[in-house]
Amino acid sequence: MDCEIILMTENIDVCRYFYREVVGLGEPELDSCQQVIFRLGKEAVLVLEKSELPCMGHASCACRFALGVKDIEALEKRMQQYGSPMSDGFGRLGRVVRRGSDPEGNLFQVFSVAG
């Protein structure tokens, strides 16, 4: 089953940089002024889609997504340097999970995966 996580963004350039450099997703598969697509796994992508809708209340959205990262400590350091520290960890399914927020207020979670 394929999975696409689609985030509506007002400033796609700022969000592209954030997910590429701060979160560490690397170079996108598709990179345009309207849409940026990052490959998360064999059948999963994160899509940033430009939207100029005035009613985007990201922080109050009921949907969140979680990413498995190889070096959670390095991500926490980059988030701190970016000015967006992550929350204290909590447990879920035997893993420590941290919460973060992108420049537009989209909330996400991260957990460690084996390298």
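Reader: Let's start with F108. Buried or exposed?
Author: F108 is buried, with a relative accessible area of 1%. Keep in mind that this is a predicted model.

Reader: Noted. How many aromatic pairs are there?
Author: A search of the whole structure finds six aromatic pairs. One of them joins F18 and F108. That pair is edge-to-face, with 6.2 Å centre to centre and 65 degrees between the planes.

Reader: Why is that edge-to-face?
Author: The planes of F18 and F108 are 65 degrees apart, and pairs over 60 degrees count as edge-to-face.

Reader: Where do F18 and F108 sit in the chain?
Author: F18 is in helix α1, residues 12–22. F108 is in strand β8, residues 107–112. They are 90 residues apart, so the pair links distant parts of the chain.

Reader: And F18, buried or exposed?
Author: Buried. The relative accessible area of F18 is 0%.

Reader: Which residues form the aromatic cluster?
Author: One cluster is formed by Y17, F18, Y19, F65, Y82 and F108.

Reader: Take Y82 from that list. Where is Y82 found?
Author: In helix α2, which covers residues 72–82. Y82 is partly exposed, at 32% relative accessible area. Y82 also belongs to a nonpolar patch on the surface, together with V14 and Y17. The three have about 250 Å² of accessible area together.

Reader: What lies over the face of F111?
Author: R95 does, at 3.9 Å from the ring centre.

Reader: Switching to charges. How many salt bridges does the structure hold?
Author: Five. One of them pairs D31 with R16, and their closest N and O atoms are 2.6 Å apart.

Reader: Which parts of the chain does that pair link?
Author: Distant ones: D31 is in strand β2, residues 30–31, and R16 is in helix α1. The two are 15 residues apart.

Reader: How accessible is D31, and how accessible is R16?
Author: D31 is partly exposed, with a relative accessible area of 41%. R16 counts as buried, at 11% relative accessibility.

Reader: Why is 11% called buried?
Author: Because buried means under 20% relative accessible area, and R16 is at 11%.

Reader: What does E21 pair with?
Author: E21 meets R20 in a salt bridge, at 2.8 Å from N to O. E21 counts as partly exposed, with 37% relative accessibility.

Reader: And which residue does R39 bridge to?
Author: R39 forms a salt bridge with E29, where the closest N and O atoms are 2.8 Å apart. R39 lies in strand β3, residues 35–41, and E29 in the loop between α1 and β2. The bridge therefore ties together parts that are ten residues apart in sequence.

Reader: How exposed are R39 and E29?
Author: R39 counts as partly exposed, at 37% relative accessibility. E29 counts as exposed, at 52%.

Reader: Which residues do shared partners join into one network?
Author: D13, R16 and D31, through salt bridges that share partners.

Reader: Last topic, the backbone. What is the phi of L93?
Author: Positive, about 55 degrees, although L93 is not a glycine. Most residues other than glycine have a negative phi.

Reader: Where is L93?
Author: L93 is in the loop between β6 (90–92) and β7 (95–101). L93 counts as exposed, at 73% relative accessibility.

Technical notes
Residues numbered from 1 in each chain as written. Predicted model: local features only at pLDDT ≥ 70, side-chain atom pairs only at ≥ 80, totals over all residues. Heavy atoms only, no water. Phe/Tyr/Trp six-rings, centres within 6.5 Å; stacked < 30°, edge-to-face > 60°. Helix = DSSP H or I, 4+ residues; strand = E, 2+ residues; numbered from the N terminus. Buried < 20%, exposed > 50% of the residue type's maximum accessible area, 1.4 Å probe, protein only. Lys NZ or Arg CZ within 6 Å of the ring centre and 35° of its normal. Patch = residues over 30% accessible without salt bridge, like charges linked within 9 Å, V, L, I, M, F, W, Y side chains within 5 Å. Areas by Shrake-Rupley, 256 points an atom, 1.4 Å probe, with all protein chains shown as cover. Salt bridge = Lys/Arg side-chain N within 4 Å of Asp/Glu carboxyl O.
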